[in-house]
Amino acid sequence: MSSSNITANWSYPTSVKLGRGRIKELADACKSLGMKKPLLVTDRGLASMAITKTALDILEDAGLGRAIFADVDPNPNEKNLEAGVKAFKDGGHDGVVAFGGGSGLDLGKCVAFMAGQTRPVWDFEDIGDWWTRASLEGIAPIVAVPTTAGTGSEVGRASVITNSVTHVKKIIFHPKFLPGVVISDPELTVGMPKIITAGTGMDAFAHCLEAYSSPFYHPMSAGIALEGMRLVKEFLPRAYKEGTDLEARANMMSAAAMGAVAFQKGLGAIHALSHPIGAVYNTHHGMTNAVVMPAVLRFNRAVIEEKIGRAAAYLGIAGGFDGFYDYVLKLRSDLGVPDTLTAMGIAPDRIDELSAMAIEDPSAGGNPVAMTLENTKALFRDCF
């Protein structure tokens, strides 16, 4: 891009309160946004856990009631959304505490948004200026409380909702999806099982890697992506090895938020492949990203070799692109990531269908090498 023609529209995140024990500030965060009766939205797995009970206790003790909606699938869909909006309206709520990993955060944000809409959720897909169709009246305020260090959905202006009929993941976008306050308390992530620490951590890494590699002009995001990768390199192995390492957990929460801020610059083939796989086979999103990552690096090599060389130098990895590639292979193996989609238990019998979905995915447009049906089929085959 010639420097004489630099124009860009940037929107950067929100108020983030990071630190151990800061869940105690949850009620104050809700009140600061004018909430009197929030609905806590999370997923089924978290509903009965101690950290969730603590959050509900804090709200109740502050006179904000005690209400939870947890009918949320690992890949949330429009049926979960409909049920959540109904619970929100029936309970007379005026705000949402989106609590959990990507699924709880995404659905919580979408419930707060859809509480003010009469049009179907698919009318707000992240296409052109579709978001301007939304009615601003009745969109509820959001406090986001991440319990994993992966998606970075807590600082995002979108939610991924799966269409339960077509099994396609749709990105629903509106600036009002951005939570007003985020509470990132590393103590909430201590109980994450190793496989989730690995999968969510690799999701954060994939966000940073793809944002950094995307061809679009966004130096703020590129810088954040680079430092996000460095934090993952330094702290993900520590968080994986010793789940109670709060310094590592806090730094991974930072890296996750940074990945989501950075991917305003674009994502790429890692996500374009993993979205259809997740939608069709219900695999863990971050783990799927980690499985396809080496094949995508090979696919993009000719275009990103020099750029990845610069990243390798910053990360203290010798050997340029090859050194970086070998580092990714070793990191995956240290974290117990399956080598291929086959090892993940997926058969290569639906490559044509998955490839057609991948090139339609919004992430495809940010890949350094233009994705066509043919080269995407070859890329998928390379993942098995």
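Helices (H or I, at least four residues) and strands (E, at least two) are DSSP runs numbered from the N terminus. The model is predicted: local features need pLDDT of at least 70 and side-chain atom pairs pLDDT 80 or more, while totals for chains, interfaces and linings use all residues. Residues are numbered from 1 along each chain as its sequence is written, and side-chain values use heavy atoms, without hydrogens and water.

H7 has a kink of about 40 degrees at Phe235, shortly before Pro237; the bend is the angle between axes fitted to the seven residues ending there and the seven starting there. Among the buried residues of H7 are Met229, Val232 and Phe235, where buried means under 20% relative accessible area with a 1.4 Å probe, protein chains only. The buried residues of H7 pack against H6, H8, H10 and H11.

The largest nonpolar core has 64 residues, and Phe205 and Met229 are among those with the most contacts inside it. Such a core is a set of buried Ala, Val, Leu, Ile, Met, Phe, Trp, Tyr and Cys residues joined through side-chain atoms within 4.5 Å. Its largest share, 14 residues, comes from H10.

Strands S6 (residues 158-162) and S7 pair in the antiparallel sense over five bridges; pairing requires at least two DSSP bridges. Ala158 stands opposite Phe173 in S7. Six residues separate the two strands of this S6-S7 hairpin, and His167 in the turn has a positive phi of about 60 degrees.

Key: Buried means under 20% relative accessible area, exposed over 50%, partly exposed in between (1.4 Å probe, protein chains only). Contact means heavy atoms within 4.5 Å.
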